[in-house]
Amino acid sequence: MSTSADPLATLAALPGVAESVEAVRTAVDRVYGHRVMRRRSNEVTSEAALRGARGSAALAGADWALEEVRRRTDFGDEGEPHTVGAALRVTAEAGQLLSVWRQSPLRVLARLHLVAAGGADDDDRVGRPRLAGEPVQEQLVGPEPPDADEVAGRLDGLARLLLAGSEAPALVTAAVVHGELLALRPFASYNGLVARAAERIVLVGSGLDPKSICPAEVGHAEQGAAVCVAGLEGYVSGTPEGMAAWIAHCGRSVELGVRESTAVCEAMQRGAA
């Protein structure tokens, strides 16, 4: 990444990124202007959270039908049910952590991992970055993650970057947060869920999606794991082309999330939801 005073702004100036940013802004403005949002925005927010959690769980290996996620109340302690429950918990928790994120992003990441794991008190790996020699115990996607020492340094750098502030558009910041966490896989488990929740926090906290009705997780799931891995490889490469492609991938995910919530609004308007 650039060593300029504002490396996020440098990324925003890459070829093609402005187009992605503008497409996302246009899509978000359109759904916020829907007449249903004037009266039933809380319902749209709740439905977007549910659908976002389902999408995040799908990418983590638990691709359940939406109605099954909606129906279930017991998600167990292991396997796919636990993954779906973890996605629901993390998505709900993310909405409560905006003020903390502005002060301590690393504290939020630790909290999200703790919530995803279900507060497993007997596992000292929960809620902290992995130490030297500790493996990542989840299905790995993309390039191999760096060792624990590099993870610690890059997490600190990410936190400093976020706390310093930037003039870059929200999409660029969200894409970098998401990409860096997927690349590092700092925790022993649930890194994908945490990374996608952090992306959500940035999009909401930036003011781009203040009501959290544009679930990028839906778009990531719709594009599929293979496309996500290809985009992540571009991010990890650090090349201008690779970084721009990853930002575009994240932008397309937001647009697809907007499409999902627009369909929800249309269904509500017809009285079908």
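Q: What makes the second largest pocket a pocket, and which residues lie nearest its centre?
A: On a 1 Å grid over the protein atoms alone, a pocket is an open set of points with protein on both sides within 12 Å along at least five of seven lines, whereas a cavity is a set where a 1.4 Å probe fits but cannot get out. Lining residues have an atom within 4 Å of a point. The second largest pocket has 17 of them, and Trp 101, Leu 162, Thr 173, Val 202 and Ser 206 lie nearest its centre. This is a predicted model, in which local features need pLDDT of at least 70 and side-chain atom pairs pLDDT 80 or more, while totals for chains, interfaces and linings use all residues. Residues are numbered from 1 along each chain as its sequence is written, and side-chain values use heavy atoms, with hydrogens and water left out.

Q: Which helices each supply at least two residues of that lining?
A: They are helix 6 (98-103), helix 8 (148-164), helix 9 (170-184) and helix 10 (191-205). Helices here are DSSP runs (H or I, at least four residues), numbered from the N terminus.

Q: Why is helix 8 called roughly antiparallel to helix 9?
A: The two pack at an angle of about 170°, with their axes 11 Å apart. Angles over 145 degrees count as roughly antiparallel, so the label applies to helix 8 and helix 9. Axes are lines fitted to C-alpha atoms over the stretch in contact, and angles run from 0 to 180 degrees between N-to-C directions. Contact means heavy atoms within 4.5 Å. Residues making this contact include Leu 155, Leu 158 and Leu 162 of helix 8 and Thr 173, Val 176 and Val 177 of helix 9.

Q: Why is Tyr 190 called buried?
A: Buried means under 20% relative accessible area (1.4 Å probe, protein chains only). Tyr 190 has 19%, so the label buried applies. Tyr 190 is in the loop between helix 9 and helix 10, and its phi is near 60°, a positive value in a residue other than glycine.

Q: What makes Ser 212 buried?
A: Its relative accessible area is 14%, therefore Ser 212 is buried. Ser 212 lies in the loop between helix 10 and helix 11 (216-223) and has a positive phi of about 55° although it is not a glycine. Most residues other than glycine have a negative phi.

Q: How do you know that helix 11 is mostly covered?
A: Of its 8 residues, 6 are buried. The cover includes helix 3 (36-59), helix 9, helix 10 and helix 13 (240-269).

Key: Angles under 35 degrees count as roughly parallel, over 145 as roughly antiparallel, 65 to 115 as roughly perpendicular and the rest as oblique. Buried means under 20% relative accessible area, exposed over 50%, partly exposed in between (1.4 Å probe, protein chains only).
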